[in-house]
Amino acid sequence: MVDPLIEQAARALSSAQTILVLTGAGVSAESGVPTFREAQTGLWARYQPEKLASPEGWAADPGLVWRWYMARFGGLETVRPNPGHYALAALEAAISEDGREFVLFTQNVDHFHEVAGSRRVRHLHGNLASYRCSGCDRSYPLRPEDRGAEQPPSCPSCGCLIRPDVVWFGEMLPPGVVEEAWTASRRCDVMLVVGTSGQVYPAAQFPHVARDAGATVIDVNPDPTPISRIAQIYLQGASGVMVPRVVAAMGIETEGS
Ligand code: OAD
């Protein structure tokens, strides 16, 4: 017997012409990646992410910030996408095959959506897989020796420090991606929101924009959030469990797990 809310979500997605998926750290939680606001562990426990992921933190101690990101980036290499990532990739493939529109915006800086096979992925907060010069903005392919370095490398062109290509607190989000997200939020028939606390703008605003424009908003989160409260369908549970169940109820096969 399929849960009526799962059925309702499956029907909404099956009949949608345009689908927008918005994900947050919760979609990677079941891969063992701590969510953004979970307490930091180990030697990083005494640091606040908001302090490290900021221009002020970088200016104060670029080496500390660099080592934190290398630890986070290294941690990502030991874990794999989970069934929630694979189900979202299967959903995209099925929707695109029908000639319908699908786009996935993520607040996450990991690349698990891509590893799981998602194609139309837009990173609102950057991507820990890419690095650039803090001076001339030139992109920089990370070298193995950079990984264990105490200090960030210097740009071969201008000598400024190389930084992760992620959005820090107080920094502008990539304007093109944000513009695309506003437009897509106003256009979509269904917005599937997965694993975000809805605390950081502008991403937290997108579900409200979609809802006001007449879309059906589906929220997947074990804990209620401001988004679950405005969603027409709130699936209370883990993304690695709920998203595969919705996709299965749509009759879509999911590979990988
Ligand atoms: P948060 O850490 O704020 O929220 C994670 C959400 O995932 C919470 O609502 C959890 O309840 C939920 N969650 C936990 N486990 C889950 C699971 N297995 N399945 C589904 N949901 C689960 O992370 P975000 O909302 O992504 O921005 O935070 C957004 C942004 O805040 C981050 O991208 C970061 C931070 O400021 C920047 O770094 C610019």
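How many disulfides does the structure hold? It holds zero disulfides, a disulfide being a pair of cysteine sulfur atoms within 2.5 Å.

## About the model

This is a predicted model, in which local features need pLDDT of at least 70 and side-chain atom pairs count only at pLDDT 80 or more, while totals for chains, interfaces and linings use all residues. Residues are numbered from 1 along each chain as its sequence is written, and side-chain values use heavy atoms, with hydrogens and water left out.

## The cysteines

Let's stay with the sulfurs for a moment. For cysteine 160, the closest cysteine sulfur is that of cysteine 158, and the 3.7 Å between them is too far for a bond.

Cysteine 160 is partly exposed, at 32% relative accessible area, whereas cysteine 188 is buried, at 4%. Here buried means under 20% relative accessible area, exposed means over 50%, and partly exposed lies in between, using a 1.4 Å probe and protein chains only.

## The sheet

Six strands form an open sheet in the order β3-β2-β1-β7-β8-β9, and their pairing is parallel. At its edges are β3 (121-123) and β9 (233-235), each of which pairs on one side only. On average, neighbouring strands of this sheet are turned by 15° against each other, direction ignored. Strands (E, at least two residues) and helices (H or I, at least four) are DSSP runs numbered from the N terminus, and two strands pair if DSSP finds at least two bridges between them.

Looking at one pair in detail, β7 (residues 190-194) and β8 (residues 216-220) run parallel and are joined by five bridges. Valine 193 stands opposite aspartate 219 in β8.

## Helices on the sheet

Helix α6 (residues 83-97) packs on the sheet, where it touches β1 (18-23), β2 (101-106) and β7, and its direction makes about 155° with that of β2. Helix α12 (residues 239-249) also packs on the sheet, touching β7, β8 and β9, and its direction makes about 140° with that of β8. Contact means heavy atoms within 4.5 Å; axes are lines fitted to C-alpha atoms, for helices over the stretch in contact, with angles from 0 to 180 degrees between N-to-C directions.

## Histidine 123

Histidine 123 sits in strand β3 and is buried, with a relative accessible area of 12%. Not counting residues up to four places away in sequence, histidine 123 touches Thr106, Asn108, Asp110, Glu114, Pro174 and Val177.
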